[in-house]
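Reader: I am new to this structure and should like to be guided through it by questions and answers. May we begin?

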Amino acid sequence: MGKIFATTNKSSVHLHQHLQMVILIVMSGITLVSFLLSLSAGSVPIPLEQVLTILFHKEAERATWVTIIYDFRIPKALTAALAGAALGVSGLQMQTLFRNPLADPFILGISSGASLGVAIVVLSVGTANTSLLAVTGLLSNISLVVAASFGAGIVMILVIFIAQQVRSSITLLILGLMISYVTSAVVSLLLYFSIAERIHAYIAWSFGNFGGVTWSQLWVLGPTIGIGLFLAFLLTKALNALLLGETYARSMGMNIQMTRSGIVLSSAVLAGAVTAFCGPIAFLGVAVPHLCRALLRTSDHNVLIPACIWVGATTALVGDLIAQAPGFSIVLPLNAITSLVGAPIVIWVILQRYRGTFSL
Amino acid sequence: MNEPVLTTENLRIGYSGRGGVRRIIADHLNLTLRSGEVVCLMGPNGVGKSTLLRTLIGMQPPLAGRVFLDKTDLATLKPREIARRISVVLTERIEVGQLSVYNLVALGRYPYTNWFGRLTPHDEAIVQTAIAATQAEHLARRYIHELSDGERQRVMVARALAQEPQVMVLDEPTAFLDLSHRVAMMQLLRRLAHDTQRAVILSTHDLDLALRSADIVWLMTTDGTVYSGAPEDLVLSGAFEKAFANCEITFDRYHGQFRFHYSSVHRATLLGEGLIRKWTSHALERIGYLTSSTDNPTALRITISGTEQQPCWHIQAKGHPERCVYSLHDLVTLVREMSPSGN
């Protein structure tokens, strides 16, 4: 069967290492352009050359533009880029660990834990007749980040503990699923007994948003994601061996429990940090690895991890750019936009590249 | 005589379940694997071949006794040290996605490379040698998912070889392959064992192939005994019969193959000679007729005429009109219809 398709299949040509390198460099260039565009676009459009002037000379035609760029748009664009990169790499690790193309960063229940933390704070703290103003105040508060981090952290510790005990990764998968069910059940109960303003506040959080991160919070988010990505780079060799399955990986001398815990730790730190600061950003984590595999035609993590960083950052920046709805005075829910715009693109790319045979 | 590389000392294999409940599969195993030898591990399904293999490669702890790798107790070796001496090829058909053959074989260097898995020129050379030794050079730049089962298995052997093992363990490497690929695989393994002085152990159900290509057969029986010896020794000693005998088949020691037990309830006279006679008799045996050439009065009498290219069977049966057929399929169908018991 393979012989019939081998000659006609476009993907049978293995991309040369140098070509992969070129593609990676082009990808980083596209990320930079998206970054600049996202600084320029918004409710107050700032011309691109003015953006560059502000970046290099800290001055512009209008003084307010400098403030807008430095205090709002740079933190927001940095957050988007960091979050996209983190989710892409986290999703890649999960898909490889579980050998499942549908796995995403939230499969271990990390974001469910974060959601529960936020739900407890937004839906139940204080008296039931707290005014709407107080609730909106709560939303922008750092306490949400703390609550989400706590929720994500507790689930992460639980999952890592179990990762060291169980023989098969599938057990871990089912466990993550169960954690998600339990936490969403608790969130449902909280929603049921809560008042409309609080429910609205919780739902607004669950839409996802890159805009709420301040410079001081970036000093936490940035290094956390840096640590997660560094761990992912350290695990490159192990991830490649895991492509063959756990039995082969063990036969090559891998300590499967240790490796699995490392992957879970890296992936959970990345997904947990993003969820804590930006809300549960869906879709990017499952889509970005597929895009990268399709574009680079490889499953080699030496190539895929940098690719997921660039493609993840770009997708998040572009998604946020569209959610801003340039020219209109509204902001659309980020989660809806990433899925609506991203899904058709991913479907197209995958149909183009894989031509019927699907693989990780 | 070649050096022993893997030996077992009073090895007891099996599983320890909850609450100290143990299921012993085989006990007091004293087996020796020598460099340059191909060992075929055989035995009925469910007899514990995979358990024995897993214990030998250190993936499952023995219940008692020890496994020695080069005179070192396997239990004292780190996984990485074991991986530098033992490599495996599993039955499972791997789905690795978009990995080129070269990249896959290079994964075999895992126990040697640094933390980041960077290949040194030495590693690259060994990967090339492994690919060349398995005659897979033309596949090197192809993707794994494009390969046929035979090519895939060849590449998995190359990967195992890149691990530079003293012992290569293969779990049913010929399971998905057709006859010619099975033979090619066995010849490849024999060549690798003899040329590079590695020990190769593989489990297989392919008796014919094992008899033709194994240096040693380890035959596991349901009572937990493992017979070890040259395949011919085991034929002569009747070990194969003990291992596989049941009411369905018997082992034909003379031909070295298994025969079905046909419940031959009918008799037929078969007149004719040569190749046509042999296969006619074969076909009739399959449907429960024992044939003889003596012209005894039987209910069924078949006479062969014609040539090998155009044979013809003349059928005479009591209570039926005489008929001529031109294929054994027609013969079998007709005889079945005539058969008194409707067999």
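Author: A residue is called buried when its relative accessible area is under 20%, and exposed when that area is over 50%. The model discussed here is predicted.

Reader: Which residues of α7(A) are buried?

Author: Helix α7 covers residues 142-165 of chain A. Its buried residues include Leu144(A), Val145(A), Ala147(A), Ala148(A), Gly151(A) and Ala152(A).

Reader: How far apart are the end C-alpha atoms of helix α7 of chain A?

Author: The helix has 24 residues, and at 1.5 Å a residue it should span 34 Å.

Reader: Is the pair formed by Tyr202(A) and Trp205(A) stacked, tilted or edge-to-face?

Author: A pair of aromatic rings is described by the distance of the centres and the angle of the planes. Planes under 30 degrees apart count as stacked and those over 60 as edge-to-face, with the rest tilted. The ring centres of Tyr202(A) and Trp205(A) lie 6.0 Å apart with the planes at 35 degrees, so the pair is tilted.

Reader: Are Tyr202(A) and Trp205(A) buried or exposed?

Author: The two residues are three apart in helix α9 of chain A, and therefore about one helical turn separates them. Tyr202(A) has 9% relative accessibility and so counts as buried. Trp205(A), also at 9%, likewise counts as buried.

Reader: What is the angle between the planes of Tyr192(A) and Phe193(A)?

Author: Over all chains, a search of the whole structure finds two aromatic pairs. One of them joins Tyr192(A) and Phe193(A), both of which are exposed. This pair is edge-to-face, with 5.1 Å from centre to centre and an angle between the planes of 85 degrees.

Reader: Which residues are the closest to the centre of the largest pocket?

Author: The largest pocket holds about 1,200 Å³ of space. Of the 38 residues lining this pocket, the closest to its centre are Gln17(A), Asp300(A), Asn302(A), Val303(A) and Asn103(B).

Reader: How many residues of the lining of the largest cavity are charged?

Author: The largest cavity contains about 100 Å³ of space. Among the residues that line it are Glu92(B), Arg93(B), Asp149(B) and Arg152(B). By class, the lining has five nonpolar residues and two polar ones, while the charged residues number four.

Reader: How far apart do the C-alpha centres of domain 1 and domain 2 of chain B lie?

Author: Chain B is divided into domain 1, residues 4-245, and domain 2, residues 266-338. The distance between their C-alpha centres is 48 Å.

Definitions and conventions
Residues numbered from 1 in each chain as written. Chains lettered and ligands numbered in written order. Predicted model: local features only at pLDDT ≥ 70, side-chain atom pairs only at ≥ 80, totals over all residues. Heavy atoms only, no water. Domains from an automatic or database assignment. Helix = DSSP H or I, 4+ residues; strand = E, 2+ residues; numbered from the N terminus. Expected span 1.5 Å × (residues − 1). Buried < 20%, exposed > 50% of the residue type's maximum accessible area, 1.4 Å probe, protein only. 1 Å grid on protein atoms, 1.4 Å probe; cavity = no way out; pocket = protein on both sides within 12 Å on 5 of 7 lines; lining within 4 Å. Points joined across faces, edges and corners; volume = space filled by probe spheres on them. Phe/Tyr/Trp six-rings, centres within 6.5 Å; stacked < 30°, edge-to-face > 60°. Nonpolar A, V, L, I, M, F, W, Y, C, P; charged D, E, K, R; others polar.
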